[in-house]
Amino acid sequence: MGGGTAVAWSQAVGWSALAAVVVAAGSAGLSMARRRSSRRVQEARDRRRERYRAVFEHVQTDGAVDPQVVSEWSRAFSDGVFLDLLADALERADAEARSRLIALCERSGYVGRLRRAAWSVWWWRRAYAARWLGRLGSREGIADLIRLSDDVSLRVRCVAIGALGSLRDPRIDPVLLKALDTAGNGDETLSRRLVPIEVVTAALIAQGASVVLPLLPRLIEGPIAVREAVANILSCVPDAHPPVRAALLGAFRDGDAEVRARAAQARGKVGDVG
């Protein structure tokens with residue numbers, strides 16, 4: 001009986017050791033397979049990256065675009081490698097090259113796809129569409145961004161307001177000014193559902209001189225948060241027109257220290273400009 005138990009125990013140990021060897025060998029084989037697969041994926045990404053980079057350089061340096069490029073772009077917009085390079089190219093391109101890139105995106109159907117995505121039931125798709133419509137700066141997408149600035153999702157509204165700040169169009173300033181008035185209304189019960197005033201302020205600063213004169217009444221009569229934001233904007237966008245100087249001098253008597261400090265900073269820059 002004892003001898004049988006010893007034999008059984010020995011066999012169990014043997015099988016356990018064999019199983020451990022098999023598992024270790026299998027794990028090593030899977031690890032090697034994963035590394036090979038990962039290497040192949042990375043090599044494929046690198047090849048696509050080089051091909052896309054060559055296309056971008058051609059588009060930016062040569063006004064003529066091969067129809068085959070348009071066809072290739074229409075298939076590449078679902079590729080993260082392509083989109084990363086496109087974002088970088090748009091960031092670095094001069095005005096002429098940027099206009100060619102935007103025109104090619106329009107011809108390839110990407111702007112149309114983004115405009116359709118702007119109507120998606122999923123907030124993250126609408127936010128994605130707003131972000132890329134802002135990056136591309138296509139006039140076709142401005143109406144969609146204006147609509148998304150009043151979206152039910154706070155995240156979408158924030159992205160849309162930021163995107164509008166990067167564009168230039170007469171329709172944009174009234175939207176941003178309305179967003180500023182709403183963000184600074186002081187209603188704490190709504191504050192968590194409102195676009196942060198810092199987001200609106202950054203968008204208005206990006207608009208530059210076109211928003212300065214419409215902001216002046218708000219520097220005098222607006223709520224504290226709005227007056228602080230306007231003073232901040234004027235300190236970043238110096239304007240030497242007499243109405244601006246007068247409004248800033250009036251802000252020196254404001255009851256809020258932040259408004260007075262920003263107004264003094266803006267007045268100093270206006271002096272430099274004038």
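Author: Val-121, Trp-122, Trp-123 and Trp-124 make up a nonpolar patch on the surface, together showing about 510 Å² of accessible area. A patch here takes residues with over 30% relative accessible area and no salt bridge, joining nonpolar side chains (Val, Leu, Ile, Met, Phe, Trp, Tyr) within 5 Å and like charges within 9 Å. The areas are Shrake-Rupley values with a 1.4 Å probe, and for residues only the protein chains shown count as cover. Bear in mind that this is a predicted model: local features need pLDDT of at least 70, side-chain atom pairs count only at pLDDT 80 or more, and totals for chains, interfaces and linings use all residues. Residues are numbered from 1 along each chain as its sequence is written, and side-chain values use heavy atoms, leaving out hydrogens and water.

Take Trp-123: its relative accessibility is 34%, so it counts as partly exposed (buried is under 20%, exposed over 50%, partly exposed in between, with a 1.4 Å probe and protein chains only). Trp-123 sits in helix H6, residues 123-136; helices are DSSP runs of H or I, at least four residues, numbered from the N terminus.

Helix H6 also holds Arg-126, whose partner Asp-151 lies 25 residues away in the loop between helix H7 (142-148) and helix H8 (154-165), so the pair links distant parts of the chain. Arg-126 is buried at 8%, and Asp-151 is buried at 10%.

Conventions
Salt bridge = Lys/Arg side-chain N within 4 Å of Asp/Glu carboxyl O. Helix = DSSP H or I, 4+ residues; strand = E, 2+ residues; numbered from the N terminus.
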